[in-house]
Amino acid sequence: VFTEFSLSRGVRLFLYDPLQQYTAGAFTYLNNKSSGMLAVEPVPGDLLYIEMQVPSFVQDPGKLCVGTVGHAFKEDGMDSRTKDGWYGLSGSCNPDIQCFDDPLYELVKHAVVRIVYAGKERCTGTLVTSTRNDARPYLLTAQHCIKTEYLANTAVYFFEYESPFCDGPD
């Protein structure tokens, strides 16, 4: 989570692993937010490179400060298909979408969002729109998931999230 993120036009930011098999970015001035923060998706591996490219014509590159770095650890004995140790902690009201063979579920599953905030906590949400049907997207989640604006600014949202398993290990 970049707690200060305000890039000038022309500046590009990339995150990648040592072998450059996974790259996130380019992040640019278009990613600047009113909060001045930017949360980015996890990069697999034990080492992360942050590369800021500043062209010679840019007088002031802007601001960039790494505020928080999250890291997930694979637990001993964990099934290789398991994404994390959170499996089994959700309530019975959170079934895997793969457990249903219903066209309606196939339609609504596209609104499911996985939320990772503060570099570690996880929740889900649902995309909804207003009663005006004006296609303006809102994200509905539980109050216990994101209690403050600060946590919302540290969140990364994974749209169309679904487990590949029915009652599976992730």
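Guide: Thr-154 is buried, because its relative accessible area is 4%; buried means under 20% relative accessible area, exposed over 50%, and partly exposed in between, with a 1.4 Å probe and protein chains only. The model is predicted, and for that reason local features need pLDDT of at least 70 and side-chain atom pairs count only at pLDDT 80 or more, whereas totals for chains, interfaces and linings use all residues. Residues are numbered from 1 along each chain as its sequence is written, and side-chain values use heavy atoms, with hydrogens and water left out.

Thr-154 lies in the loop between helix 2 (149–153) and strand 9 (156–159); helices (H or I, at least four residues) and strands (E, at least two) are DSSP runs, numbered from the N terminus. The side chain of Thr-154 reaches the backbone oxygen of Leu-151 at 2.8 Å. Such a polar contact is a pair of N or O atoms within 3.5 Å; within protein, one must be able to donate a hydrogen and the other to accept it, and residues adjacent in sequence count only if both atoms are side-chain atoms. Leaving aside residues up to four places away in sequence, Thr-154 touches Val-1, Met-37, Ala-39, Val-116, Tyr-117 and Ala-118, where contact means heavy atoms within 4.5 Å.

The C-alpha atoms of Thr-68 and Thr-154 are separated by 9.0 Å, although the two residues are 86 residues apart along the chain. Thr-68 is found in the loop between strand 5 (62–66) and helix 1 (103–108), and counts as partly exposed because its relative accessibility is 29%. With residues up to four places away in sequence again not counted, Thr-68 touches Val-1 and Tyr-150.

A nonpolar core is a set of buried Ala, Val, Leu, Ile, Met, Phe, Trp, Tyr and Cys residues joined through side-chain atoms within 4.5 Å. The largest nonpolar core has 12 residues, among them Phe-2, Leu-15, Phe-27 and Val-40. Strand 1 (2–7), strand 2 and strand 3 each supply at least two residues of this core, and strand 1 gives the largest share, three residues. Val-40 touches Phe-2, Leu-15, Phe-27 and Val-156, not counting residues up to four places away in sequence.

Strand 2 (residues 12–16) pairs with strand 3 in the antiparallel sense over three bridges; two strands pair if DSSP finds at least two bridges between them. Tyr-16 has Thr-23, in strand 3, as its bridge partner.

The whole structure holds three aromatic pairs. In one of them, the rings of Tyr-16 and Tyr-49 have centres 5.6 Å apart and planes at 20 degrees, so the pair is stacked. Rings of Phe, Tyr and Trp (its six-membered ring) pair if their centres lie within 6.5 Å; planes under 30 degrees apart count as stacked, over 60 as edge-to-face and the rest as tilted. This pair links Tyr-16 in strand 2 with Tyr-49 in strand 4, 33 residues apart. Tyr-16 is buried, with a relative accessible area of 12%, whereas Tyr-49 is partly exposed at 38% relative accessibility.
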